[in-house]
Amino acid sequence: MRKHLSILVIGFLLGILLYSFVKFNDHQNNIEFYLSGILGVFVCFAISFSNTKLNLFIPFKKLPGLRILFGIFWNLVLSFLIVVFGFWSYSKLMNHQFSFKTEYSIFIKIGILLFCAGLLYNVIYFALYSYNYFARVQVKELAVQRKQAELQLDVLKSQLKPHFLFNSINVLTSLFHKDLDLAESFIRALAKSYDYTLEKYNTTLVTVEEELAFTKAYLLLIRTRFGNGFDVKFDIDAETQKTQIPPLTLQLLVENASKHNVFDAENPLEVKLYRDGDKLIVSNIKSEFTKDTKSTGLGLKNISSRYKILTGKSITVINNGSFTVKLPIIK
């Protein structure tokens, strides 16, 4: 509403200013004066509407120079045609003889004024567009950073929980008496888990290759704790590994599978990671029995929000006989 009111006021003022300039040394007619204001309103609304459509064909973001030049040319042609049509309509209504030859000097003045107005309008329009675009980018980055910080904090909390640390220490104590090499691998994997979480705290995206390396390290922690009843099958080609993903996404989905399913060596649980078209798939067949743990769904909501901000797309969650999450590929 405010936008249309602004166009109405500006268009009317420009119309009467244009008329006053053209008729500066001539007798000014009150009817012509107000009709010029109305004509200015039509011109402004036509330009505003056409520029919205023009942005779809020649985006400012990709071709700013061409967009400004074409915008000036288009605004001049469109506004000049509307003014000529207005003159012709007024002449017909008032039974005046309309001719470009007799009105040649007036149309030259009008053309120059419309060109200057179009130039000024497009420069201001580009400046405002650039400012708004920059502001949107800044807001988007802040939103992503906030979501990223929330997820990182959730992961840190889960890893710093007394239950998690107690289990890790128990596993290490047991390994020191059974397998020193595995104990060393467990410590390295645990250290890498903390290091990756802290290192990527302010990172919006990482490569799938980096996320896979971290997920494999985290998988060692789960296998060491629960035995060989839990496995992850990675079927990600080299091209997909070069694409990007929000950090901790795969780790969180793998962790969710281990938290909400019952498994052992006789009833193993397998999580599959693979690409299907433009989606990265994380899927597991749900075990016959699930653990008595309450799921808040905050992790999935967080991942979904970050994907929505980064790509404008949402993740897909399918929860039936299997639990499947489809993540849009980010190139």
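**Entry: the whole chain**

I'm working from a predicted model. I started with the secondary structure and got 10 helices and seven strands. Next I looked up burial: the chain has 331 residues, and 38% of them count as buried. For the accessible surface I have about 20,200 Å², with 64% of that belonging to carbon and sulfur atoms. I also checked how far apart in sequence the contacts reach. Taking contacts between residues at least 6 apart, 71% join residues at least 24 apart.

**Entry: burial of α9**

Then I went to helix α9, residues 249–259. How many of the 11 residues of α9 are buried? I get 10, so α9 is largely enclosed by the rest of the structure. My list of the buried ones runs Thr249, Leu250, Gln251, Leu252, Leu253, Val254, Glu255, Asn256, Ala257 and Ser258. I noted that Glu255 is on that list, as are Gln251 and Asn256.

**Entry: α9 against α10**

The partner here is helix α10, residues 298–311. I looked up the geometry: the two axes come within 11 Å and cross at roughly 155 degrees. Angles over 145 degrees count as roughly antiparallel, so that is how α9 runs relative to α10. The crossing is left-handed.

Which residues make the contact? From α9 I have Thr249, Leu252 and Leu253. From α10 I have Gly299, Leu300, Ile303, Arg306 and Tyr307. Sorted by class, the contact of α9 with α10 has five nonpolar residues, two polar and one charged. I put Arg306 down as the charged one, since Arg belongs to that class.

**Entry: α9 against α7**

Last, I turned to helix α7, residues 208–226. Its axis and that of α9 come within 8 Å and cross at roughly 25 degrees. Under 35 degrees counts as roughly parallel, so α7 gets that label relative to α9. This crossing is right-handed.

On the α7 side, I wrote down Glu211, Leu212, Phe214, Thr215, Tyr218 and Ile222. On the α9 side, the contact takes in Thr249, Leu250, Gln251, Val254, Glu255 and Ser258.

**Entry: cross-check**

I went back over the two contact lists for α9. Thr249 is in the contact with α10, and Thr249 also turns up in the contact with α7. Leu252 and Leu253 go with α10, while Leu250 and Val254 go with α7.

Notes:
Residues numbered from 1 in each chain as written. Predicted model: local features only at pLDDT ≥ 70, side-chain atom pairs only at ≥ 80, totals over all residues. Heavy atoms only, no water. Helix = DSSP H or I, 4+ residues; strand = E, 2+ residues; numbered from the N terminus. Buried < 20%, exposed > 50% of the residue type's maximum accessible area, 1.4 Å probe, protein only. Contact = heavy atoms within 4.5 Å. Areas by Shrake-Rupley, 256 points an atom, 1.4 Å probe, with all protein chains shown as cover. Axes fitted to C-alpha atoms, helices over the stretch in contact; angles between N-to-C directions. Parallel < 35°, antiparallel > 145°, perpendicular 65-115°, else oblique. Left-handed = near helix turned anticlockwise from the far one by under 90°.
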